[in-house]
Amino acid sequence: MSLSLDATGHPARWPGYATAFWGFAFAVPSFCWALGIGLAGASTTLSPQLVELAARQDSGFITALWVTGVLKVVGAVLGLALIRRRPWGHGMNLLLQLTAWGAGVLLICHGAGFVVNGILVETNVVGIDPELRSVSRWYTYLWGPWFVAGGVAFLLAARAHLRGVAERRNAVIAGIIGGLGALAISVMLLIWGLG
C-alpha cells in the first residue's frame, strides 16, 4: 500500500486529516493570544517582542493574530476538502491543488528558515543576544519543525487528492504554479528581511 492510496485503492485520507489537525491545533494559540489568554509560557518560547505586543493587546498585532488564526482554520478546511472521495468539479480541483501546494511550499520555506537560522546561531556563525538564545532554540527545534510538518502534510494531502482527479495534467500544472508562487513569495520575504 502506498502513502497516497488506502487498502481499497482510494486516495488515502490520513494526509488530509493530518493537515486539518495541524491547522486547527495551530489556530488555537492565535485565537487565545488575540483574546489575551494563554500567554503563560509564551515568554520562553516566542520572541519577546511578540509576547509584549500580545500582552499589551496592540491593535495591529491582535488583528494579525485574528487573520493568521482564520488562515490556519482555512488551511484545516482545505485539508478536509482534499479528502473528499466524490470528485469536485474541475475548477475546484485546480484551486485545491494550487492552494495546497502553495501552502505546503510556503510553510516548508518558513519553517526551514527558522531551523537554518537557529543552526547558524547554535554554531555561532550568527551572533544573537544571549538572553534570546533559549527563544532561538524554541524556533529551531519546535516552531520551525512544526511549520515544516504542516507544509509536508499539505503536500501529502495534495498528492493523495491528485490520485482521484480526472484531469490530472491541469491539476499538476495548478500545483506547480502554486508551489512556484509560494517559493517566489518566500524568496521576496527573505530579501525584504521578513522571512
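Is Pro 130 buried or exposed? Pro 130 is exposed, with a relative accessible area of 69%. Welcome to this structure, which is a predicted model. The chain has 7 helices and 0 strands, and buried residues make up 35% of its 195 residues. Here is a short tour, topic by topic.

**The chain as a whole**
- Read from the N terminus, the elements follow the order α-α-α-α-α-α-α.
- The C-alpha trace spans about 55 × 35 × 30 Å along its principal axes.
- Among contacts with a separation of 6 or more, 77% are between residues 24 or more positions apart.

- Pro 130 sits in the loop between α5 (90–122) and α6.
- Ala 54 is 76 residues away from Pro 130 in sequence, and the two are 23 Å apart in space, C-alpha to C-alpha.

- Helix α6 covers residues 133–162, which is 30 residues.
- From its first C-alpha to its last, helix α6 reaches 42 Å, close to the 44 Å expected at 1.5 Å a residue.
- Ser 136 counts as buried because its relative accessibility is 9%, and the cut-off for buried is under 20%.
- Setting aside neighbours within four places in sequence, Ser 136 is in contact with Gly 118, Val 121 and Ile 128.

- Asn 93 is part of helix α5.
- With a relative accessible area of 7%, Asn 93 is buried.
- Not counting residues up to four places away in sequence, Asn 93 touches Trp 88, His 161 and Val 165.

**Salt bridges**
- Side chains of opposite charge can pair when their charged atoms come close.
- How many salt bridges does the structure hold? There are 2 salt bridges in the structure.
- One of them joins the side chains of Arg 137 and Glu 122, at 2.9 Å from N to O.
- Arg 137 lies in helix α6 and Glu 122 in helix α5, so this pair ties together parts that are 15 residues apart in sequence.
- Arg 137 is partly exposed at 36% relative accessibility, and Glu 122 is partly exposed with a relative accessible area of 26%.
- A salt bridge also links the side chains of Arg 56 and Glu 52, at 3.9 Å from N to O.
- Arg 56 counts as exposed at 52% relative accessibility, whereas Glu 52 counts as partly exposed at 48%.

**A nonpolar patch on the surface**
- Residues including Leu 106, Val 172, Met 188, Ile 191 and Trp 192 form a nonpolar patch on the surface.
- Together, the residues of the patch have about 1,100 Å² of accessible area.
- Which helix gives the most to the nonpolar patch? Helix α7 (residues 168–191) does, with 8 residues.
- Ile 191 lies in helix α7.
- Ile 191 is exposed because its relative accessible area is 66%, and the cut-off for exposed is over 50%.

Notes:
Residues numbered from 1 in each chain as written. Predicted model: local features only at pLDDT ≥ 70, side-chain atom pairs only at ≥ 80, totals over all residues. Heavy atoms only, no water. Patch = residues over 30% accessible without salt bridge, like charges linked within 9 Å, V, L, I, M, F, W, Y side chains within 5 Å. Areas by Shrake-Rupley, 256 points an atom, 1.4 Å probe, with all protein chains shown as cover. Salt bridge = Lys/Arg side-chain N within 4 Å of Asp/Glu carboxyl O. Helix = DSSP H or I, 4+ residues; strand = E, 2+ residues; numbered from the N terminus. Buried < 20%, exposed > 50% of the residue type's maximum accessible area, 1.4 Å probe, protein only. Expected span 1.5 Å × (residues − 1). Contact = heavy atoms within 4.5 Å.
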